[in-house]
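Student: Can you walk me through some side-chain contacts? Keep it simple, please.

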Amino acid sequence: MTTSPSDSPADLAVVGAGPAGLAAAVAAAGLGLRVTLLDAGERPGGQYFRHPAPGLGAARPEALHHGWADFASREAALRAHVSAGRITYLPRHHVWTVTPDPGGGPVWALHAVVGPEEAAATVGARGVLLATGAYERQLPFPGWTLPGVVGAGGAQAMLKGGLVLPGSRVVVAGSGPLLLAVAGSLAAAGARVPAVVEAAAYTGYAAHAAALLRNPGKLAEGATYGGALLRHGVRLLTRHAVTEAHGTDRVEAVTVARLDRDWRPLPGTARRIPCDAVAVGHGLVPQLELATGLGCATRLSPDATVALEVDAGQRTSVPGIWSAGETGGIGGAQLALTEGEIAAHSAAGRPVPARLARARTRLRAFAAAMAGAHRPGAGWTGWLREDTDVCRCEEVPAGRIREAVEDLGARDARTVKLLTRAGMGWCQGRMCGPAVAALAGTDPAPDRRPLSCPVPLSHLAALPPRTPLTGPPTGRPHLLWPRRTH
Amino acid sequence: MSEATRGRGRRRSPRDLVGGTPAETWSLRFDDRELPAQSGQSIAAVLWSAGILAWRTTRATAAPRGVFCGIGSCYDCLVTVNGRPNQRACLVPARPGDHVTTQEGTGHDDLAV
């Protein structure tokens with residue numbers, strides 16, 4: 001237990017120490033706010049700037065990163081602010097809910113589960129910035145539950161954090177620019193990458209030439225990745241997908257097929273590529289449960305994910321709650337850094353510097369072009385078999401989900417869940433949600449998870465007795481009461 | 001000869017990329033094996049280093065599973081650490097003296113009625 005709402009609350013609590021949260025925390029402290037920075041991770045940086053623990057003794061962690069200086073300068077600033085008492089930095093704190101003050105005052109309570117021991121902590125703050133980032137979107141295919149099939153971002157995270165590879169011959173597949181970065185890192189770290197299998201056609205970007213030309217930095221980044229792939233002899237197969245992973249106890253090969261414009265596999269185009277691992281991902285999904293629990297308004301992004309609605313100052317629709325980075329729509333680390341600094345100015349009651357506002361507009365335009373180009377086509381469900389597990393946790397196959405939709409009349413992911421248990425397991429639909437929504441023929445609904453991570457029952461029992469344990473009614477703030485003592 | 005060492009000598013490793021040396025090494029007990037571990041690695045990273053990709057079997061079909069998302073979102077890498085089941089191997093740092101065991105089903109079979 002570090003602080004409580006009854007202690008002197010921070011001016012701003014920042015949830016997440018990735019690019020957006022880290023930039024926001026140091027900028028806000030620099031503007032005179034007292035900041036508490038809570039992060040589920042062991043070290044600052046989030047997923048993008050994930051790096052080996054000091055004990056691993058990496059002499060050149062920057063070799064695994066693009067834009068490491070952006071992190072190093074802010075990490076140094078974080079240390080200085082912590083030493084000076086302007087930032088309270090709380091790593092290993094997984095915030096599972098944020099609740100308003102029952103008295104209606106301007107104080108929020110952030111409830112966290114701390115470390116592997118799952119201790120309880122509650123932190124009070126006058127304003128909250130949600131910089132909770134994203135997780136990877138996965139579209140299932142036969143064999144995707146075999147060991148050796150890992151998330152593309154997951155392979156990258158394990159490499160950046162633990163200096164390990166899932167195999168020695170790794171096919172990288174799915175959709176989105178992350179695949180190029182992942183393939184480049186894996187190859188640089190010694191893996192053979194026989195192919196990057198990209199479902200979209202990069203010609204999708206051509207419709208957004210203006211947004212591309214205003215972002216020469218992004219084009220240079222793309223060229224860097226492209227050059228790295230050429231150097232390592234990696235083939236880029238666009239408009240192709242891995243439609244099956246083969247093996248019994250682990251991956252031994254994949255089938256790759258050519259896709260039509262709607263991502264439907266074309267008959268007669270399948271071929272086999274031997275490999276001992278597959279790194280797969282189809283873009284990222286904003287992680288929103290804390291925000292939707294508070295009633296923050298959402299919007300549908302061009303990549304078919306749900307993101308938070310924010311204004312020019314990064315304010316959500318709930319007064320006192322800000323958001324920055326991937327929670328407001330997938331846009332990459334540069335945009336996250338920019339938005340974090342904008343949110344800090346806004347939370348400090350300062351005008352947003354024009355250079356930050358311009359950078360945000362420019363980078364958001366690029367993000368929209370990118371999102372549109374990699375939006376999954378409807379035909380991907382053509383590579384599912386009836387027995388392909390869609391929900392990994394509850395082991396619910398595509399056939400049962402189709403039965404729920406076609407025979408039992410389910411018209412959304414929630415009804416499919418009630419009928420089949422898809423999305424009812426440990427991950428609470430984080431892995432299967434987009435796929436189930438697609439099979440139900442709908443856009444994904446905003447995340448509704450009253451607890452953002454497993455919470456010991458003792459923590460819930462310790463909440464005041466008037467606390468309802470159900471989620472909030474649509475669009476209304478949570479009425480959970482904050483804990484005032486520990 | 002393994003894929004990793006075939007061809008023009010030894011392939012690069014992640015360690016070659018970032019250089020340096022780990023502060024400390026020890027061995028982690030996994031089921032009946034001793035695996036080399038480096039300070040700062042997660043349990044999942046220790047297992048991957050040893051070429052082990054699966055350390056759990058599912059409740060319904062006893063299918064093997066290990067790391068999938070790598071960032072704590074998917075809960076596929078659950079493992080029993082020092083008798084405590086359902087720990088996410090990708091998040092939990094490996095510590096000297098830890099005994100990690102393959103997790104079957106819910107990890108709570110002892111509570112079954």
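Tutor: Start with a charge and a ring. The charged end of A:Arg392 sits over the ring of B:Phe68, 3.7 Å from its centre. That label needs NZ of Lys or CZ of Arg within 6 Å of the ring centre and within 35 degrees of the ring normal. Some ground rules: this is a predicted model, where local features need pLDDT of at least 70 and side-chain atom pairs count only at pLDDT 80 or more, while totals for chains, interfaces and linings use all residues. Residues are numbered from 1 along each chain as its sequence is written, chains are lettered from A and ligands numbered from 1 in the order in which they are written, and side-chain values use heavy atoms, leaving out hydrogens and water.

Student: Which ring does the charged end of A:Lys160 sit over?

Tutor: The ring of A:Tyr48, with 5.0 Å to its centre. A:Tyr48 also belongs to an aromatic cluster with A:Phe49, A:Trp68 and A:Phe71.

Student: OK, rings then. How many aromatic pairs are there over all chains?

Tutor: Seven, from a search of the whole structure. Rings of Phe, Tyr and Trp (its six-membered ring) pair if their centres lie within 6.5 Å; planes under 30 degrees apart are stacked, over 60 edge-to-face, and the rest tilted. One of the pairs is A:Trp68 with A:Phe71: tilted, 4.9 Å centre to centre, 45 degrees between the planes.

Student: Where do A:Trp68 and A:Phe71 lie?

Tutor: Both are in helix H2 (residues 68-83) of chain A, three residues apart, about one turn of the helix. Helices (H or I, at least four residues) and strands (E, at least two) are DSSP runs, numbered from the N terminus. A:Trp426 and B:Tyr75 make a stacked pair, 5.3 Å centre to centre, with 25 degrees between the planes. This pair crosses between chains. A:Trp426 is in the loop between helix H11 (413-420) and helix H12 (433-439) of chain A, and B:Tyr75 in the loop between strand E4 (64-65) and strand E5 (78-81) of chain B.

Student: Is B:Tyr75 buried or exposed?

Tutor: Buried, at 4% relative accessible area. Buried means under 20%, exposed over 50%, partly exposed in between (1.4 Å probe, protein chains only). A:Trp426 is partly exposed, at 37%.
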